[in-house]
Amino acid sequence: MANHDLVLGHGENPELALGPNHHEFGQDHGLGLGHSHELVLGHAHDHDLVLGQSHEHEHDHDLGLGHHHDSQLVLRHDHHGHTSELALGQGHDEDPHSLDGQGHDELGMTENHELTLADTHHLDVDHNMDQLSLEQAHELALQPAHDFSHGPLAVAPVVQSRKMVVSPEFQLVVGQEFPDVMSCRRAIRNTAIACHFEIQTVKSDKTRFTAKCAAEGCPWRIHAAKLPGVPTFSIRTIHDNHSCVGINHLGHQQASVQWVANTVEERLRENPHCKPKEILEEIHKSHGITLSYKQAWRGKERIMAAVRGSFEEGYRLLPEYCRQVERTNPGSFACVYGNPADNCFRRLFISFHASIYGFVNACRPLIGLDRTILKNKYLGTLLLATGFDGDGALFPLAFGVVDEETDDNWIWFLSELHELLEKNTENMPRLTILSDRRKGIIDGVDFSFPTAFHGHCMRSLSETFRKEFNNSVLVNLLWEAANALTVIEFETKLLEIEDTSPEAVCWIRRLPPRLWATAYFEGTRYGHLTANITESLNSWILDASGLPIIQMMECIRRQLMTWFNERREASMQWTTILVPAAERRVQEAIERARGYQVARANEAEFEVISPHEGTNIVDIRNRCCLCRGWQLYGVPCAHGVAALLSCRQNVHRYTESCFTVATYRKTYSQTIHPIPDKTLWNETSDQGQAEDNKVDIIINPPKSLRPPGRPRKKRIRAEDRGRIKRVVHCSRCNQTGHFRTTCAAPI
């Protein structure tokens with residue numbers, strides 16, 4: 001058979017060329033294997049890949065890959081010499097010196113940097129390589145050019161290969177000493193990882209350590225022993241030659257979770273939010289090995305446990321942590337409760353004095369209740385009670401951690417909240433409480449705050465409504481009905497809903513409007529319809545929910561400390577009488593009031609006429625308007641502003657005191673103080689006199705455990721809650737809920 005050449009790349013006269021300048025196969029260029037066939041990849045003058053039999057050596061098979069003048073990789077089979085050679089070299093010398101052995105393969109480096117693999121046994125291509133026979137052309141034959149496009153020609157790469165030249169840091173020599181056996185084993189392991197071969201421990205005890213290369217037949221072996229009288233280990237013997245080609249699979253036997261942890265420890269201490277994916281990329285870049293995601297995740301968890309403490313230690317230290325909270329922040333509430341039977345954790349309640357003082361003396365009498373599920377090892381639920389400052393921002397008041405969300409735990413949490421408020425004020429304000437009105441919260445509010453106005457959180461209500469009707473138009477109308485200030489406006493919105501869906505109106509009317517509609521609600525919500533605490537805190541509370549319990553509470557405390565300081569400093573720069581949000585509302589009302597006509601009835605009562613809104617009656621003495629905007633928001637509405645301006649009154653003096661800058665500064669006047677590191681708790685506790693009489697309470701972790709698998713960390717944003725999922729449509733049966741490809745309807 002004539003010579004057939006396959007050339008991929010650039011060449012002057014290629015029989016088959018693929019590259020920038022060649023885009024098609026010639027008609028008279030074939031690819032085959034026979035007596036003399038050459039397969040060339042690369043530049044025609046630089047790289048040769050030869051597979052076949054030469055006419056000079058009837059039984060030789062040459063495979064060459066590399067630069068023609070620089071390097072050569074040859075696999076040769078000689079029936080006369082009974083040898084198989086794998087040569088990788090550089091230079092023009094084509095006579096490599098091989099290291100021969102009896103009964104095994106040896107891997108050596110020649111002076112010309114050629115790598116030779118010699119096998120002393122006969123290589124029977126037909127019997128030992130069934131899938132690749134070189135003696136029969138029809139067993140491996142590539143079709144002519146017009147058939148080459150039927151399938152890709154793929155060569156599986158070696159994922160990892162052993163490095164022959166390594167850093168002096170990972171070179172082992174006879175006589176090298178290590179402080180102890182662990183240091184010795186660590187050095188050998190690091191060398192194996194750096195050189196990309198795996199080791200197998202032959203013997204390991206207090207006085208000696210022996211290991212060999214894990215590849216079968218490879219002669220690499222090392223032996224270290226303890227020096228007499230000292231813990232030092234010294235390398236006694238080492239056979240440093242390999243006959244293997246390294247590892248060709250993902251991962252590394254010596255790259256354990258602890259090795260991963262030690263490797264990325266410094267980076268994680270600097271950046272605890274480093275993701276496992278970034279750890280994998282760094283290890284691959286530095287060490288050339290590819291590990292699994294689980295190894296990186298477990299390695300990170302091990303380091304983070306050492307940095308922040310274990311979950312079990314967090315529960316054990318809770319009693320002392322509560323004492324530290326009360327010691328560093330006098331007037332704060334901090335208490336922990338365990339199960340009397342087994343001392344397993346049940347409840348934790350913490351409220352800082354700065355939050356209590358700001359809420360009682362300066363915030364609106366409005367509290368929102370919410371909860372978030374913890375993502376740590378032992379699960380649990382974080383309960384939150386939050387107020388609202390004069391500028392409308394969340395003002396966290398109290399936190400509770402419970403082993404699970406139950407009605408009893410909500411009742412306990414609200415009783416603790418009532419106790420701390422009662423101890424810090426002579427006259428308990430008549431509160432307005434917003435929640436999802438589950439049974440435990442209703443019972444807790446009725447028991448602890450019997451005079452409070454308990455409203456339904458519109459977020460949870462609208463979510464239930466959306467699941468029932470799955471119509472964004474109806475959901476928007478529901479919100480408009482909830483925001484309506486008067487009964488007439490409310491009923492008008494319900495008529496619009498009824499025109500779209502009579503079933504939706506029936507569903508809405510089953511809910512008492514006094515629990516959710518502004519027009520019927522008896523308390524004052526200042527425009528707040530939702531207790532969307534966790535949504536507003538989602539940016540950082542989600543990360544904190546996966547930490548050990550003390551670390552989580554410390555994360556919350558630091559966030560509060562930062563908020564108090566930032567808001568205190570920001571308020572010092574304000575030059576207006578009202579906080580920015582109230583100031584904007586007043587300015588908008590002033591602009592609208594310019595088009596109103598005002599008629600005065602007496603010193604307090606006014607009639608305000610609008611061309612679009614009709615007539616409204618305003619009483620500036622009682623700070624009320626017929627539109628109910630002044631009463632519900634605490635800031636004069638446009639009608640009230642028109643009346644005040646007509647009698648030359650200062651509009652700002654007729655707003656609720658909680659909206660003034662002076663009151664806002666009082667809200668954040670107190671400081672949340674830092675808590676010392678746990679290593680100093682014993683010293684600080686000894687300084688207290690009352691601490692000596694306290695009996696230490698042992699708190700064990702709760703019995704609930706997080707199920708296996710990665711926890712869900714995707715946040716559900718508020719804007720996504722109003723988005724309807726796309727309804728799929730089948731073009732075959734004209735129904736919704738599935739595609740044509742999965743349609744099972746008989747047609």
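1. Let's start with contacts along the chain. In this predicted model, residues 24 or more positions apart account for 56% of the contacts in the protein chain with a separation of 6 or more (contact means heavy atoms within 4.5 Å). Buried residues, those under 20% relative accessible area with a 1.4 Å probe and protein chains only, make up 43% of the 747 residues.

2. A word on conventions. Local features need pLDDT of at least 70 and side-chain atom pairs count only at pLDDT 80 or more, while totals for chains, interfaces and linings use all residues. Residues are numbered from 1 along each chain as its sequence is written, and side-chain values use heavy atoms, leaving out hydrogens and water.

3. The secondary structure comes to 22 helices and 22 strands; these are DSSP runs numbered from the N terminus, helices being H or I of at least four residues and strands E of at least two.

4. Five strands form an open, antiparallel sheet in the order S7-S11-S10-S9-S8, where pairing requires at least two DSSP bridges between two strands. At the edges are S7 (177-178) and S8 (199-204), each of which pairs on one side only.

5. Within that sheet, S8 and S9 form a hairpin with 3 residues between them. Their antiparallel pairing has 5 bridges, and Thr201 stands opposite Ala211 in S9. S9 (residues 208-213) is also joined to S10 (residues 221-226) by 5 bridges, again antiparallel; here Phe209 has Ala224 of S10 as its bridge partner.

6. Next, the helices. H3 (residues 257-270) and H5 (residues 293-308) pack at about 60°, with axes 8 Å apart; axes are lines fitted to C-alpha atoms over the stretch in contact, and angles run from 0 to 180 degrees between N-to-C directions. H3 and H5 are therefore oblique to each other, as this class holds whatever is left after under 35 degrees (roughly parallel), over 145 (roughly antiparallel) and 65 to 115 (roughly perpendicular). Among the contact residues are Val257, Val260 and Leu268 of H3 and Ala296, Ile303 and Val307 of H5.

7. H5 also meets H4 (residues 276-287): their axes come within 9 Å and cross at roughly 105°, so H4 and H5 are roughly perpendicular to each other. Pro276, Lys277, Ile279 and Leu280 of H4 make the contact with Tyr293, Ala296, Trp297 and Lys300 of H5.

Note on methods
Buried means under 20% relative accessible area, exposed over 50%, partly exposed in between (1.4 Å probe, protein chains only).
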